[in-house]
Amino acid sequence: MLGICRGRRKFLAASLTVLFVPAITWIYLFAGSFEDGKPVSLSPLESQPHSPRYTASSQRERESLEVRMREVEEENRVLRKQLSLAQSRSPSHHRGNHSKTYSMEEGTGDSESLRAGIVAGNSSECGQQPAVEKCETIHVAIVCAGYNASRDVVTLVKSVLFHRRNPLHFHLIADSIAKQILATLFQTWMVPAVRIDFYDADELKSEVSWIPNKHYSGIYGLMKLVLTKTLPSNLERVIVLDTDITFATDIAELWAVFHKFKGQQVLGLVENQSDWYLGNLWKNHRPWPALGRGYNTGVILLLLDKLRKMKWEQMWRLTAERELMSMLSTSLADQDIFNAVIKQNPFLVYQLPCFWNVQLSDHTRSEQCYRDVSDLKVIHWNSPKKLRVKNKHVEFFRNLYLTFLEYDGNLLRRELFGCPSEADVNSENLQKQLSELDEDDLCYEFRRERFTVHRTHLYFLHYEYEPASDNTDVTLVAQLSMDRLQMLEAICKHWEGPISLALYLSDAEAQQFLRYAQGSEVLMSRHNVGYHIVYKEGQFYPVNLLRNVAMKHISTPYMFLSDIDFLPMYGLYEYLRKSVIQLDLANTKKALIVPAFETLRYRLSFPKSKAELLSMLDMGTLFTFRYHVWTKGHAPTNFAKWRTATTPYRVEWEADFEPYVVVRKDCPEYDRRFVGFGWNKVAHIMELDAQEYEFTVLPNAYMIHMPHAPSFDITKFRSNKQYRICLKTLKEEFQQDMSRHYGFAALKYLTAENNS
């Protein structure tokens with residue numbers, strides 16, 4: 001035995017050598033990924049050098065670094081081969097681990113019952129560590145339903161991506177809401193070596209709906225029971241996680257624990273850290289049957305192939321039916337049934353050390369799972385109180401959670417060295433488009449922004465709205481950044497109909513917005529406002545992308561294309577619905593113009609009628625919008641005629657016209673080449689005209705622009721000559737594209753521009 005242990009120590013030393021060399025290389029790479037003290041983005045969208053500071057010298061350095069990386073990889077390959085030969089000669093290593101590349105430390109924070117020897121024999125002598133292949137895909141299953149869970153799962157995924165060194169395959173059992181949100185999020189996130197598959201949770205309801213459940217997770221809290229039936233039949237093992245989990249280590253360490261399963265062990269679970277299953281929490285407390293303290297199902301290792309052979313479906317169903325005869329319902333959803341099965345079949349479970357699921361409920365024994373907070377690996381916020389739970393180290397746990405909550409997800413778009421990613425058509429097309437751009441072009445950054453893929457989280461807050469059955473419903477569409485949040489409550493008070501908003505925020509700002517919204521009675525009382533977060537990336541405000549995102553996710557047949565700085569008149573929503581019918585918008589190509597006015601006063605007694613507005617206009621309290629700086633923008637509305645108009649009237653397109661309009665939802669999108677300030681709405685109105693939309697002014701509608709500090713983009717436009725030159729260039733290119741697309745009729749736009 002002593003000789004075997006010595007041999008294993010030599011093997012461990014050689015393994016550390018393999019681990020140490022790439023670690024040094026990684027440190028070198030990490031240090032090299034900083035330029036002028038700032039981290040260089042590892043986004044696949046920015047893999048091509050485009051900064052003006054990018055020099056031939058830095059290119060040579062990168063090439064030299066790549067050569068060194070290949071040399072290190074070759075050295076590692078030789079070392080691994082030598083280790084494999086040494087391993088095959090050792091009689092103590094004949095269990096199939098000889099092709100692994102790095103070890104995973106399981107730790108020593110075992111639970112009390114594990115220390116007592118209930119699962120004796122699960123850890124080998126001499127401290128041998130199981131391993132995971134370098135590019136082995138780790139499979140993770142998560143049940144996710146609804147708006148809140150879709151938000152929570154992002155923080156879990158961030159914590160996993162932050163630490164991971166392996167390709168990941170997420171299996172998401174999601175309802176239609178979560179699927180829409182998360183499919184868009186992952187599609188726009190574009191994280192290399194991450195695959196996402198969805199499984200319809202609504203189709204699984206019939207499998208578990210017969211089980212009464214009192215837990216707040218509802219019917220979705222029972223769906224982990226049917227994973228053997230739901231997940232692909234060729235999937236052998238999977239890690240199952242609750243959405244309120246935070247990882248503090250590489251998930252591959254947990255994946256490696258599968259190698260420790262023996263005999264008929266098919267479930268990896270951590271002991272429950274509360275007294276729930278002991279039945280002593282209150283008088284007459286009667287929990288479901290469990291082995292000792294029972295097990296918590298927030299983190300589960302499932303050996304799917306063996307479970308299927310054991311007829312798991314039949315096993316848990318029979319157990320549930322038997323227990324429900326006396327228990328009547330579950331209190332902790334799937335966890336009760338898992339524990340009842342384990343009570344009858346204790347050989348099924350491999351007990352994980354409790355640091356793999358540190359349960360932060362009130363009155364738990366979670367503090368016994370670690371000697372130091374740095375020892376823990378997985379935090380589970382399994383109390384309904386979540387971050388307000390009582391724990392001696394809760395501040396540390398809360399800060400760790402908040403770190404990932406507000407962490408910039410764009411930084412997680414990093415490639416895995418040595419692990420080829422699956423071919424992604426969208427990513428390849430994007431790289432092709434970027435490669436066709438001229439990096440020496442002074443307007444390169446403007447052109448590049450058009451192709452930037454911004455991570456997008458749809459319906460960040462709960463949304464619930466059914467459009468009116470008469471097909472006249474109208475959604476107000478707008479976009480904003482953090483400095484315009486104060487307008488939201490006022491707009492909600494002025495517009496009672498549905499609203500679709502695209503917010504351009506960082507991850508940290510998104511959480512500030514969430515707290516702001518949750519603290520507002522006005523916003524929380526409205527469930528017909530869709531908030532879509534478009535995460536910040538790049539140096540420009542992608543105004544037209546934001547408008548397109550907000551436009552795309554409306555559920556009504558018509559939309560009012562507004563801006564966040566405008567307050568619509570009281571009653572405008574109902575007035576527009578009547579106008580839609582009156583002007584037969586369903587069967588004609590019309591753009592209904594809502595005349596725009598402005599005030600320079602931060603406190604305004606908002607006019608309640610057209611007559612009151614005209615009076616304020618005459619007194620100088622209100623003005624026609626931008627009459628003193630950009631008359632052409634709204635002059636074609638013909639405000640003189642509007643003053644006395646009682647019926648809708650038609651106006652013609654003119655150069656630089658940019659009114660606010662009501663259109664059908666199938667109208668063309670905004671052109672993404674226009675970012676920041678300038679020509680973003682003008683180009684859209686021009687395209688509506690090219691498609692033969694008829695511009696009709698509504699005689700009894702109005703909106704008022706509220707004053708605010710100049711935006712960062714208009715400041716750049718005014719102060720930066722190159723900004724103005726590039727905007728002029730993009731404008732000319734847009735007009736040329738219009739001529740090519742719409743032919744002879746579009747030549748008038750070039751003529752009108754030259755005459756203006």
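**Strands, helices and single residues**

Modeller: Let me begin with a pair of strands: E21, which covers residues 590–594, is joined by four bridges to E26, which covers residues 694–697, and the two run parallel. Within this pairing, Ala591 stands opposite Phe695 of E26. Please keep in mind throughout that this is a predicted model.

Biologist: Which way does E24 pair with E26, parallel or antiparallel?

Modeller: Strand E24, residues 649–651, pairs with E26 in the antiparallel sense, over three bridges. There, Tyr649 is the residue that stands opposite Val697 of E26.

Biologist: And what is the order of the whole sheet?

Modeller: The sheet is an open one of nine strands with mixed pairing, and its order is E15-E18-E17-E16-E19-E25-E21-E26-E24. Strand E15 (456–457) and E24 stand at its edges, and because each has a single partner strand, one side of each is left without a neighbour in the sheet.

Biologist: How many bridges hold E16 and E19 together?

Modeller: Four bridges do, and they pair strand E16 (residues 474–481) with strand E19 (residues 558–561) in the parallel sense. In that pair, Val474 stands opposite Tyr558 of E19.

Biologist: Okay, which strands does helix H15 lie across?

Modeller: Helix H15, made of residues 487–494, lies across E16, strand E17 (499–505) and strand E18 (529–535), and it runs at about 175° to E17.

Biologist: Let's look at one residue. Where is Val580, and is it buried or exposed?

Modeller: Val580 lies in helix H19, which spans residues 572–582. With a relative accessible area of 3%, Val580 is buried.

Biologist: What is Val580 in contact with, apart from its close sequence neighbours?

Modeller: Once the neighbours within four places in sequence are set aside, Val580 is in contact with Thr472, Val474, Tyr558 and Leu585.

Biologist: Switching topic, what is the order of the four-stranded sheet?

Modeller: Its four strands form an open sheet in the order E20-E27-E22-E23, and the pairing is mixed. The edge strands are E20 (566–568) and E23 (623–624), each of which pairs on one side only. Further in, strand E22 (residues 596–598) and strand E27 (residues 703–705) run parallel and are joined by three bridges, with Phe597 standing opposite Ile704 of E27.

Biologist: Now helices. How do H4 and H12 cross?

Modeller: The axes of helix H4 (residues 146–163) and helix H12 (residues 394–405) come within 8 Å and cross at roughly 90°. The two helices are therefore roughly perpendicular to each other.

Biologist: Which residues make that contact?

Modeller: On the H4 side they are Asp152, Thr155, Lys158, Ser159, Phe162 and His163, while H12 contributes Tyr401, Phe404 and Leu405. Sorted by class, this contact of H4 with H12 has four nonpolar, three polar and two charged residues.

Biologist: I also wanted to ask about backbone angles. What is phi for Ala193 and for Leu328?

Modeller: Ala193 has a positive phi of about 55° although it is not a glycine, and Leu328, also a residue other than glycine, has a positive phi near 70°. Ala193 sits in the loop between helix H5 (176–189) and strand E7 (194–200), whereas Leu328 is found in the loop between helix H10 (312–327) and helix H11 (334–344).

Biologist: Are those two buried or exposed?

Modeller: Ala193 is buried, with a relative accessible area of 12%, whereas Leu328 counts as exposed, at 61% relative accessibility.

Biologist: What about Thr452, where is its place?

Modeller: Thr452 is in the loop between helix H14 (444–449) and E15, and at 7% relative accessibility Thr452 counts as buried. Leaving aside neighbours within four places in sequence, Thr452 is in contact with Glu537 and Arg672.

Biologist: Last one: how many helices and strands are in the protein?

Modeller: There are 25 helices and 27 strands, and buried residues make up 54% of the 756 residues. Among contacts between residues at least 6 apart in sequence, 81% join residues at least 24 apart. The protein exposes about 34,600 Å², and carbon and sulfur atoms supply 53% of that area.

Key. Residues are numbered from 1 along each chain as its sequence is written. This is a predicted model: local features need pLDDT of at least 70, side-chain atom pairs count only at pLDDT 80 or more; totals for chains, interfaces and linings use all residues. Side-chain values use heavy atoms; hydrogens and water are left out. Two strands pair if DSSP finds at least two bridges between them. Axes are lines fitted to C-alpha atoms, for helices over the stretch in contact, and angles run from 0 to 180 degrees between N-to-C directions. Angles under 35 degrees count as roughly parallel, over 145 as roughly antiparallel, 65 to 115 as roughly perpendicular and the rest as oblique. Contact means heavy atoms within 4.5 Å. Ala, Val, Leu, Ile, Met, Phe, Trp, Tyr, Cys and Pro count as nonpolar, Asp, Glu, Lys and Arg as charged, and the others, Gly among them, as polar. Buried means under 20% relative accessible area, exposed over 50%, partly exposed in between (1.4 Å probe, protein chains only). Accessible areas come from the Shrake-Rupley method with a 1.4 Å probe; for residues, only the protein chains shown count as cover.
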